[in-house]
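Thanks for coming. I will go through one model this morning, starting with a term and then moving along the chain.

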Amino acid sequence: MRGNTQFSVATHILALVGLSEHYNNHMPTSAEIADSVNTNPVVIRRIISLLKNAGFVSVRAGVGGVGLLKSPESISLLDIYKAIQTGQNTSVFDYHHNTKQSCPIGGTINTVLSSKLDAAQKKMEDELVLTSLYIVMKEIAELNGSEL
């Protein structure tokens with residue numbers, strides 16, 4: 001089963017935008033971001049739209065370019081995670097909702113799993129809230145031999 005990469009791509013976008021502004025005073029275009037992510041600009045524009053709706057970025061029409069609206073210190077990984085979950089179940093986990101209810105397993109599996117999956121979701125969210133976009137950007141800069 002393949003996982004959803006929107007969260008990591010959204011974090012990549014925000015880190016790239018923040019670092020481009022910091023080092024180059026430059027607002028990258030969706031094509032430039034797509035090149036870094038190594039994906040299609042349409043995928044990038046879709047995720048940028050979610051980030052814009054969350055109030056994290058602005059998009060310059062015409063000449064193009066994406067800029068941060070909030071400081072990287074004020075955006076947590078949990079904020080990013082929630083921003084890209086818009087319109088979807090915000091849990092990492094989902095249930096198979098069409099189990100055979102007359103089966104002893106199918107009729108009870110979701111009840112048994114729910115408290116365990118809810119606890120795992122909470123632990124993940126508790127961890128994500130501890131890391132800001134700034135910390136991600138700082139670690140990226142350090143891995144590339146720079147300081148932020």
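A residue counts as buried under 20% relative accessible area, as exposed over 50%, and as partly exposed in between, using a 1.4 Å probe and protein chains only. This is a predicted model, so local features need pLDDT of at least 70, side-chain atom pairs count only at pLDDT 80 or more, and totals for chains, interfaces and linings use all residues. Residues are numbered from 1 along each chain as its sequence is written, and side-chain values use heavy atoms, with hydrogens and water left out.

Start with helix α1, residues 6-24. Its buried residues are Val9, Ala10, Thr11, Ile13, Leu14, Ala15, Val17, Gly18, Leu19 and Ser20. What do the buried residues of α1 pack against? They pack against α2, α3, β1 (57-59), β2 (66-68), α4 (77-84) and α6 (133-143). Contact means heavy atoms within 4.5 Å.

Now the length of α1. The expected span of a helix is 1.5 Å times one less than its number of residues. After α1 comes Asn25, with a positive phi near 50°.

Next, aromatic rings. Rings of Phe, Tyr and Trp (its six-membered ring) pair if their centres lie within 6.5 Å; planes under 30 degrees apart are stacked, over 60 edge-to-face, and the rest tilted. By this rule there is one aromatic pair. Phe7 and Tyr81 form it, edge-to-face, at 6.1 Å centre to centre with 75° between the planes. The pair links distant parts of the chain, since Phe7 is in α1 and Tyr81 in α4, 74 residues apart. Buried or partly exposed? Phe7 is partly exposed at 23% relative accessible area, while Tyr81 is buried at 5%.

Now two helices together. α2 (residues 30-37) and α3 (residues 41-53) pack at about 110°, with axes 8 Å apart. Axes are lines fitted to C-alpha atoms, for helices over the stretch in contact, and angles run from 0 to 180 degrees between N-to-C directions. Under 35 degrees is roughly parallel, over 145 roughly antiparallel, 65 to 115 roughly perpendicular, and the rest oblique. Therefore α2 and α3 are roughly perpendicular to each other.

Last, Ser132, in the loop between α5 (109-128) and α6. Ser132 is buried, at 11%.

Definitions and conventions. Helix = DSSP H or I, 4+ residues; strand = E, 2+ residues; numbered from the N terminus.
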